[in-house]
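User: Could you walk me through this fold? I'd like to go piece by piece.

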Amino acid sequence: MGGVTSSVAARLAFFPPNPPSYELVKDAGTGLLTLSRFPHRENVEVMTLPTRRGTEIVAVYVRNPMASSTLLYSHGNAADLGQMYELFLELSIHLRVNLLGYDYSGYGRSSGKPSEQNTYADIEAAFKCLEENFGAKEEEIILYGQSVGSGPTLEMAARLPRLRAVVLHSPILSGLRVMYPVKRSYWFDIYKNIDKIPLVNCPVLVIHGTSDEVVDCSHGKQLWELCKEKYEPLWLKGGNHCDLELFPEYIRHLKKFISTVEKSPTERNSWRKSTDRFEPARRSTDCFEASRKSTDRREKPRYSTEKTKNNLDKLEKLKVSFERMEKSRRSVDCIDKSRKNTEQLERARKSVDRLDRIRAG
């Protein structure tokens with residue numbers, strides 16, 4: 001049953017744009033790749049990268065000559081590089097960073113199918129590209145994860161002790177917790193960020209909209225509470241799941257964060273403030289993205305009423321399965337306790353029998 005539940009959760013987690021918003025175009029003379037919707041730019045390189053799971057993903061590298069940091073951007077759910085391209089250019093300019101964005105397996109023109117394990121292999125391939133092709137060092141790299149992208153971001157961040165920083169944009173506690181608030185982690189859950197965030201050693205910035213209808217703001221707040229090295233979070237009042245880039249505070253806060261983490265560890269001590277003055281994480285009121293909106297602000301909702309109904313039906317079946325599993329587990333616990341009590345009574349009875357025999361002798 002757990003395997004079925006995991007499969008359903010995975011299907012509900014990924015919504016690659018269909019059809020993809022771009023084609024890969026190869027120049028016959030130079031062999032250079034471009035995205036069909038955009039002209040070639042001298043500071044932008046489009047490439048394909050092999051992954052350890054046998055897929056080939058598309059990536060875009062934006063170079064800024066003033067940069068001293070490199071942003072590795074894992075985008076949100078219903079988006080691909082064609083929709084993110086212009087935002088990548090803006091972020092590179094305004095934040096003065098180099099930026100590598102990539103499409104997950106099964107997204108855009110990347111081969112394969114989307115899955116949790118594939119996204120982990122995808123971000124590994126992107127990180128390896130930064131190190132080997134562009135000479136970036138681990139301590140110069142900032143991992144940026146948006147929504148579903150917080151999953152591969154934290155998976156990698158938990159294993160890299162010298163990262164410069166992490167940015168979590170509308171992050172999720174876990175895949176299952178987006179659908180309904182469970183109290184603990186289950187083995188069949190996906191993207192268990194709640195268990196990985198305490199393992200991240202670098203500064204972490206969390207950005208979340210207070211009116212997010214897809215991933216409740218409590219996800220971001222609980223993750224921030226669990227950070228080892230907290231940076232002042234950005235709770236955007238009235239912000240939803242796919243419009244945070246439109247708020248002026250968004251780019252201002254990001255610039256301040258990057259400027260701070262680029263300083264030496266000694267200089268960074270000045271921004272470590274007491275966590276008491278920030279609002280504590282409230283209890284999750286997670287809601288599933290049934291009538292979900294695009295994770296990219298430029299994409300309109302893509303799902304019909306019929307598809308929304310199908311997703312809700314799947315969710316209801318998943319919930320029933322989950323509740324049955326819980327009842328089964330409790331029943332087993334009760335049986336174990338009863339068996340232990342019976343064994344104790346039996347041992348006591350035998351002791352009394354032996355005592356009676358001794359007295360009779």
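User: Among contacts between residues at least 6 apart in sequence, what share joins residues at least 24 apart?

Analyst: Contact here means heavy atoms within 4.5 Å. This is a predicted model, where local features need pLDDT of at least 70, side-chain atom pairs count only at pLDDT 80 or more, and totals for chains, interfaces and linings use all residues. Residues are numbered from 1 along each chain as its sequence is written, and side-chain values use heavy atoms, with hydrogens and water left out. Among contacts in the protein chain between residues at least 6 apart, the share joining residues at least 24 apart is 72%.

User: How many of the residues in helix α7 are buried?

Analyst: Buried means under 20% relative accessible area, exposed over 50%, and partly exposed in between, with a 1.4 Å probe and protein chains only. Helices are DSSP runs of H or I with at least four residues, and strands are E runs of at least two, both numbered from the N terminus. The buried residues of α7 include His219 and Trp224, and the buried set packs against α5, α6, β9, β10 and β11. Helix α7 (residues 217-225) is mostly covered, and its buried count is seven of nine.

User: Where do the buried residues of α8 sit around its axis?

Analyst: Tyr250, His253, Leu254, Phe257, Ile258, Thr260 and Val261 are the buried residues of α8. They cover an arc of only 155° (taken from the directions from the helix axis to the C-beta atoms), so they lie on the same side of α8.

User: At what angle do the axes of α3 and α4 cross?

Analyst: Thr119, Tyr120, Ile123, Glu124 and Phe127 in α3 meet Gly151, Pro152, Thr153, Glu155 and Met156 in α4. Axes are lines fitted to C-alpha atoms, for helices over the stretch in contact, with angles from 0 to 180 degrees between N-to-C directions. The axes of α3 (residues 116-133) and α4 (residues 150-157) come within 9 Å, and they cross at roughly 65°.

User: Is Arg96 buried or exposed?

Analyst: Arg96 lies in the loop between α2 (81-95) and β6 (98-102). Not counting residues up to four places away in sequence, Arg96 touches Asn64, Met66, Ala67, Ser68 and Leu91. Still, its relative accessibility is 51%, so Arg96 counts as exposed.

User: And how far apart in space are Arg96 and Ser68?

Analyst: In sequence, Arg96 and Ser68 are 28 residues apart. In space, C-alpha to C-alpha, the separation of Arg96 and Ser68 is 7.8 Å.
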